[in-house]
Protein chains: 2
Amino acid sequence: MRLGLDIGGTKTAAVILHDDGSMAALRTAPSGYGGDQVVGVAAALAGDAMAEAGLGRLDSIGACMPGLVDPSTGVVRHAVNLGVETLNLAGELEELLGSPVAVENDVKAAALGALGALTARTARTARTAHRPATGGSGRNETLAYLNLGTGLAAGVVRNGRVLRGPDGMLGEIGHLPVGGDVPCVCGQVGCLETLASGSALARMWTPPPGGGRDPFAAALAGDEQARSAAAVLCRGVALAIQVLVLSTGADRIIIGGGLAALGPSLLNGIRSELKHRAEKSQFLESLGLPGRFELLPSDIPLAALGAAALSRQIKTPHEALTGTSWLSECQAVPHITTGYPTFPMEEF
Amino acid sequence: MRLGLDIGGTKTAAVILHDDGSMAALRTAPSGYGGDQVVGVAAALAGDAMAEAGLGRLDSIGACMPGLVDPSTGVVRHAVNLGVETLNLAGELEELLGSPVAVENDVKAAALGALGALTARTARTARTAHRPATGGSGRNETLAYLNLGTGLAAGVVRNGRVLRGPDGMLGEIGHLPVGGDVPCVCGQVGCLETLASGSALARMWTPPPGGGRDPFAAALAGDEQARSAAAVLCRGVALAIQVLVLSTGADRIIIGGGLAALGPSLLNGIRSELKHRAEKSQFLESLGLPGRFELLPSDIPLAALGAAALSRQIKTPHEALTGTSWLSECQAVPHITTGYPTFPMEEF
């Protein structure tokens, strides 16, 4: 069995996967604040999840959280929302759990989780159609996961491995200045994150008291501020998709994070924006961007699932993952739905 | 021996490398226009270069040119400046030269050439210092080559291999709309290429009749239009460097192409811009961008050198290049200077 811990800005999740990739347990709780509490909550949840899963040997533990995470040292820096400036996450968790722990940045872990979810879907579709599982998340495909949470960041997976770049900076495209005059938390002005993120939406549109939090629905009901905010949001996401295809060479982009809960209206808004742009540019038209992205339901615990796959990813950096390890385990992920009706894996 | 052909918008170059990577011959001529002439000039130059190099078995032939190049079919599309809409470059060259030909886009080939030049320099420095060649272009390093020619495009090399992305689009960052209202040739508005490229500079600044073509020198002499153009150019290049680090995870960026001839004043202008930006953003400061890039002399035939390395790159897409093949051959590239004093490899 494998344990995956996702320490988020507000919520911590612990997931345990059976050897066949099916889910044995899932527990969530509000995250702690400050290094000691952050680690304490995660370790306690891990214990609860192991108790729920019953007896069984734990083969690996992976944990992810926001901030600058160094998998080689296990140290996390600048996880501001969790009150963490520097934390030896791997070391502290290892002390409490008594086993080695692999760590990664949460968006990068979620990218691995997204790869697993897609692979599972491909395998399920193939089983249903009684044909071999081909296509989908192939070994030479580059998958980009675009996280629309409070901020905007991406994780890129190639040949089953997360790409990191210097200091793990690969994917921090939210801090590319692409126009506009809105100051960004990073000190720059006009960053992509000031257009397309939860914080950007909150700045651009105030939901009416007692009303829904969907700017697309509000726009349809005549809310002009909501319409404008939704348009900027879609333009920003469209640009992020273009950045990912032209600079990381992503074949497919999976959008997740809190804003993915906006569902089909966000999906259609982004697609319309991409089609609109392509009408004016043969170059853009040739990229086929509207067909390259999709939204995953925001309640699939992508980061925790990815964290559960971490140890083989991180501890053996030069070992290319083969179809017989994590990827094949993920082909069992559809079983994740058993007893967990809140993950609509069958629908997406 | 290996033959590399670089079919540029104005000039075609043929280079022949000995088995140890040293240069046996180099010939250049104005490029042809239209498919037949383009191929004819390249094949004739190849013959001249082989005659110059003397007897010797040719182990491989690689060719590169602008446009959408598909290495798997050998076909080139949209090489507008060469009057080529569709051309079976590999097939036509193979017919004339009687040997298999591997093809690639010119900027991607130049990225391979830049990797070879850096590896050669590292090896030379190590030899001079009587120590093993470590660091430099290591196997796990990502190198981005940023070409500032008529347009702007990048080539990215990881573990000694060129990354391509869907339809070879990886690296076409010149067509990211990043602000401004200048229409781009691609149909979009405000693309990075409209800020930082030869065509952008020509649009922003008209050199005085009989004067030099260096906007930095003209700015120093009081030309206000030149000062403004140089500032926009440096801002655009700085942004391109930021895009490459944050989205491709490039550890190092090598700038080449026609504008690289501007030399130290361009280098210093870009560096100043990057430092200026970092003063306002801890995030940018942490990326250390001013130390991540350098200019290569514009007269090193990077694309032709990269083309000479192509066949092992392209024809065996799943074979990771080892230190015993192309990389180790490139360690001999310093010998390139023998008899070719116009390549200041010893100085850069």
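Reader: How many bridges join β2(B) to strand β3 of chain B?
Author: There are 7, and β2(B) and β3 (residues 23-30) of chain B run antiparallel. Two strands pair if DSSP finds at least two bridges between them, so these two pair. Strands are DSSP runs of E, at least two residues, numbered from the N terminus. This is a predicted model: local features need pLDDT of at least 70, side-chain atom pairs count only at pLDDT 80 or more, and totals for chains, interfaces and linings use all residues. Residues are numbered from 1 along each chain as its sequence is written, and chains are lettered from A in the order in which they are written.

Reader: What makes β1(B) a partner of β2(B)?
Author: 6 bridges join strand β1 (residues 2-7) of chain B to β2(B), and the two run antiparallel. They form a hairpin with 3 residues between them.

Reader: Why is strand β2 of chain B called mostly covered?
Author: Buried means under 20% relative accessible area (1.4 Å probe, protein chains only). In β2 (residues 11-17) of chain B, 6 of the 7 residues are buried.

Reader: What is in the turn between β2(B) and β3(B)?
Author: This hairpin has 5 residues between its strands. B:Gly21 in the turn has a positive phi of about 90 degrees.

Technical notes: Heavy atoms only, no water. Buried < 20%, exposed > 50% of the residue type's maximum accessible area, 1.4 Å probe, protein only. Helix = DSSP H or I, 4+ residues; strand = E, 2+ residues; numbered from the N terminus.
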